[in-house]
Amino acid sequence: MDILTHTISGLAAGTLVAGFCKAPYSKQLLIIAIGGLAGALPDVDAISLWSGFDATFGKLFDLTHSGREIYSAKFWYSHHGFMHSISAALIISTIAGVIAYLNNTRFKQFRLTAFIKHFKVNRFMHLAFILGFLIHLLEDMPTPASNWGGVNLFWPSETYIGGFGHIWWWNNYDIFLIVCGVFLLNFLLLALRFINNHVKNIVIAGVFCMGLMLSVVQVGSRDFDFAYSGSTNSYHAFEAKSKALQKEILGEDIYNSMVTFDNLLSIYF
């Protein structure tokens, strides 16, 4: 899994939440966008791989480890650490809610009852954020353990969950296509205003659940164990096997189209 799949998964989560929000289409679009942002956000902890990390963040916070060392370590701010936890989703959502509330009051006052009311009015945005964020964590769990052994799901607990190695890090085109299908279909359903809202909500929820189940089936369909911990000398062999499995699953024509699309991007997906 990578950033593009995570982002579209978050968008799909946003369509699910937006379907249950009786609001103008513009607000539903905002809810969907928030879900997409949340789907991508956990991987901000990979910033330690940025070439300028040591000269900026490393120097600012007087870090004793290089960015690459931090990335592969198990500090709370390492990859798959705090930002890959339920706690992060809740804390960030709450902070965003407080800032939005204070902005509405022009930072002049904070009253708990008024804040709770504000939070309730915007609950669908927070729900989309949390759901999009959590889907990212679920998508990371089937990948190999590597140096982390999963994700730090219940931070500040030091227990990492996942790292099963059911799928490889990248090139999971079948999952990507399922996620895209769920998002596009539910986005289209939201745009069809002539459909009864109750019926629409049931269909949207059904599409989302079907996509989730199909993804689980596909994750478990690889007849190969990608699991490893620490580092591995078989990285390129695993990568090649993952691509071969995708070609077998999707067929040569679809696989080649996905590879072409993949090569057009400057990011993994």
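Among contacts between residues at least 6 apart in sequence, what share joins residues at least 24 apart? I looked this up as my opening entry, and in this protein the share is 68%. A reminder to myself: I am reading a predicted model.

**Entry: overall make-up**

I went through the secondary structure next and found eleven helices and zero strands. Reading from the N terminus, I wrote the order down as α-α-α-α-α-α-α-α-α-α-α.

For overall size, I noted a box of roughly 55 × 55 × 35 Å around the C-alpha atoms, taken along the principal axes. Then I looked up the radius of gyration, which is 20 Å. A compact globule with 269 residues would come out near 18 Å, so the two values agree.

**Entry: surface and charge**

How much of the protein is buried? I have 46% of the 269 residues down as buried.

The side chains include 17 positive and 17 negative ones. The centres of these two sets lie 21 Å apart.

**Entry: helix α1**

Helix α1 covers residues 3–19, which is 17 residues. From first C-alpha to last, α1 reaches 24 Å, close to the 24 Å expected at 1.5 Å a residue.

Why do I call α1 largely enclosed by the rest of the structure? My note says that 14 of its 17 residues are buried, and therefore the helix is largely enclosed.

I3 lies in this helix. With a relative accessible area of 27%, I3 is partly exposed, because that value falls between the 20% and 50% cut-offs. I also took a distance from here: I3 and S231 are 228 residues apart along the chain, and their C-alpha atoms are separated by 22 Å.

**Entry: L190 in helix α8**

I turned to L190, which sits in helix α8, residues 173–191. Is L190 buried or exposed? Its relative accessible area is 1%, so I put L190 down as buried.

Which residues does L190 touch, leaving out those up to four places away in sequence? I listed T15, A18, G19, Y25, Q28, I32, K200 and I204. I then looked at V259, which is 69 residues from L190 in sequence. Their C-alpha atoms are 31 Å apart in space.

**Entry: the loop between α7 and α8**

Helix α7 spans 123–140, and P156 lies in the loop between α7 and α8. I stopped here for the backbone. A cis peptide bond joins W155 and P156, with omega at about 15°.

S146 is in the loop between α7 and α8 as well. Its phi is positive, about 50°, although S146 is not a glycine. At 10% relative accessibility, S146 counts as buried, because that is under the 20% cut-off.

N171 is another entry for the loop between α7 and α8. I read a phi near 60° for N171, again a positive value in a residue other than glycine. N171 is buried too, with a relative accessible area of 4%.

Why did I give these backbone values their own entry? Most residues other than glycine have a negative phi, and most peptide bonds are trans.

Notes. Residues are numbered from 1 along each chain as its sequence is written. This is a predicted model: local features need pLDDT of at least 70, side-chain atom pairs count only at pLDDT 80 or more; totals for chains, interfaces and linings use all residues. Side-chain values use heavy atoms; hydrogens and water are left out. Helices (H or I, at least four residues) and strands (E, at least two) are DSSP runs, numbered from the N terminus. The expected span of a helix is 1.5 Å times one less than its number of residues. Buried means under 20% relative accessible area, exposed over 50%, partly exposed in between (1.4 Å probe, protein chains only). The radius of gyration is taken over C-alpha atoms; the globule rule is 2.2 Å times the number of residues to the power 0.38. Contact means heavy atoms within 4.5 Å. Lys and Arg count as positive and Asp and Glu as negative; His and the chain ends are not counted. The place of a charge is taken as NZ of Lys, CZ of Arg, CG of Asp or CD of Glu.
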